[in-house]
Amino acid sequence: MIVAEVKPMAEIQDTIKKYSKVLISGCGSCVTVCLSGGAQQVEVLASSLRTAAKSQGQQLEVGQETQLRQCDPMFIEQIRDKAAGYEAILSMGCGAGVQTMAETLGNIPVYPALDTVFFGGADGQGGFMETCAACGQCILSRTGGICPVARCAKSLTDGPCGGAQAGNCEVSKDTRCAWQLIYVRLVRLGQVHLLKETTPPKARRVHPARLNRAE
Amino acid sequence: MGFREAVESGRFLITAEVGPGKGTDMHELLEDAEAIKDRIHAINVTDLQSSVMRLGSLAVSHILADKGIEPIYQLTCRDRNRLALQSDLLSAWVLGVKNVLALTGDHPVLGDHPEAMPVFDCDSVSLLQMMQTLNGGHDMAGNELKGVPDFFPGAVVNPGADAGAGLEMQLIKLEKKIEAGARFIQTQGVFELDSFEKFMKRVEGFHVPIMGGIIMLKSAGMAKFMNKNVAGISVPESQIKAMAETEDKARTSVEIASHLVKGMKDMCQGVHIMAIGWEKKIPMVLDKAGI
Ligand code: SF4
Ligand code: SF4
């Protein structure tokens, strides 16, 4: 899933300070799962903004709504009429959601309330961790199912650097060295021989990528 | 005798290291290099060591070469993509720089510009392959070169990597580096001869000269700092104590280093002395070790 975090309150307030009628729009998919932009977080942000405006003597009307998927124009179409009644939209979707919304609605400014940070999964301890960087040429079959592109700080695909200490990455003592994890997994799978193969530098993909689905 | 000839003749190799500073002042660096040039085969020039922005290793390598002091140009993958790496290599060649040490490089977040983009388009293994390809008259894309270099590439290994997975992976990667054309290997700083001897047993049969790394201690505090923060370094308690109790830190440091050089003479094919500002004491270290 795509993992995002709510921006600092001061930044959000600054972004919408010139408006008096703002619609907060959440997304029911990834950001609901990672507890940053679902209906619940929309509720929390809306009431915080209302309280802050009130205490500062500002006029601010805040609307709320949440779609199943903000990154699909089909869902955005359904709020077109509602959105028309507001001066600006504060999107609690990921960066893709914000853009789909802005593109679809066209003439209402749409601002991000979240910082989109990575693709990843649940870490089993209530948090999330980055596990894929969408490099476009998956090499997980050679790395024991652990991605060095996303999980090694240097995205090394040919084995570790010399910087790991006690199995942790040189950039942070709180992060396991991806290659340490890969080695242990390959031992368990009986595939350590894969480490001896040299991986040529990846062909860097060109942004923006596109995927066409012919009928 | 040049460094390459020394390696090829099977001689016991001696290299040192200088680190360009922050700014354009090269006074001290050149003085240090001059002071030791007759006792060593080549001097490594570090490439923005510890990801701290400094004067470049290519320029300093070139200046040393011009003065008849043979440089080993350290080149990392941290700041350059494959276009820049290949171009800098060709530039090095036309500037008289022939020995290149291929390194992955530290992450920028460890240095003084932690916001900088980490490049790592290639790694140490592919950088070595790149030199092989250039030496063969082509670039990485297969285009023919007009005017072909003949680099003498080297690589590094960390013998003190965590026992188990860390060390096993270092050894596997070392084999890949040798396969990719590394002709000499310099190690991370070693302080303890017994464990280094064990490491050397593991690389028997790799058929590439291994130069044991020696870092000259400045103080007990520095030793403790490295033990805690530098991967693969473990300065034994006895050396920390000696540095703490001595009245002459330089003399004790020279004693420790020369003891290591002496021990390594029969274990490996050379030494790489990282004096970190005490370059002028290197001749003393070698004298004491009987070299
Ligand atoms: S190699 Fe890593 S970044 Fe690339 S697609 Fe696979 S999981 Fe994602
Ligand atoms: S310590 Fe491991 S995870 Fe960190 S940069 Fe080096 S190889 Fe990558």
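Buried means under 20% relative accessible area, exposed means over 50%, and partly exposed lies in between, with a 1.4 Å probe and protein chains only. This is a predicted model, where local features need pLDDT of at least 70, side-chain atom pairs count only at pLDDT 80 or more, and totals for chains, interfaces and linings use all residues. Residues are numbered from 1 along each chain as its sequence is written, chains are lettered from A and ligands numbered from 1 in the order in which they are written, and side-chain values use heavy atoms, with hydrogens and water left out.

**View 1. B:Glu34 pairs with B:Lys37.** The two side chains meet in a salt bridge (a side-chain nitrogen of Lys or Arg within 4 Å of a carboxyl oxygen of Asp or Glu). Here the N to O distance is 2.8 Å. B:Glu34 is partly exposed, at 35% relative accessible area. B:Lys37 is partly exposed too, at 29%. Over all chains, the salt bridge count comes to 23.

**View 2. B:Asp47 forms a salt bridge with B:Arg80.** Their closest N and O atoms are 3.0 Å apart. B:Asp47 lies in the loop between strand S2 (42-45) and helix H3 (57-66) of chain B, and B:Arg80 in the loop between strand S3 (71-76) and helix H4 (82-94), so the pair ties together parts 33 residues apart in sequence. Helices (H or I, at least four residues) and strands (E, at least two) are DSSP runs, numbered from the N terminus. B:Asp47 is buried, with a relative accessible area of 4%. B:Arg80 is buried at 13%. Both belong to a network of salt bridges that also links B:Arg78, B:Asp79 and B:Asp88.

**View 3. B:Arg202 forms a salt bridge with B:Glu168.** The closest N and O atoms are 3.0 Å apart. B:Arg202 sits in helix H7 (residues 193-202) of chain B and B:Glu168 in helix H6 (residues 165-179), so the pair ties together parts 34 residues apart in sequence. B:Arg202 is partly exposed, at 40% relative accessibility. B:Glu168 is partly exposed at 23%.
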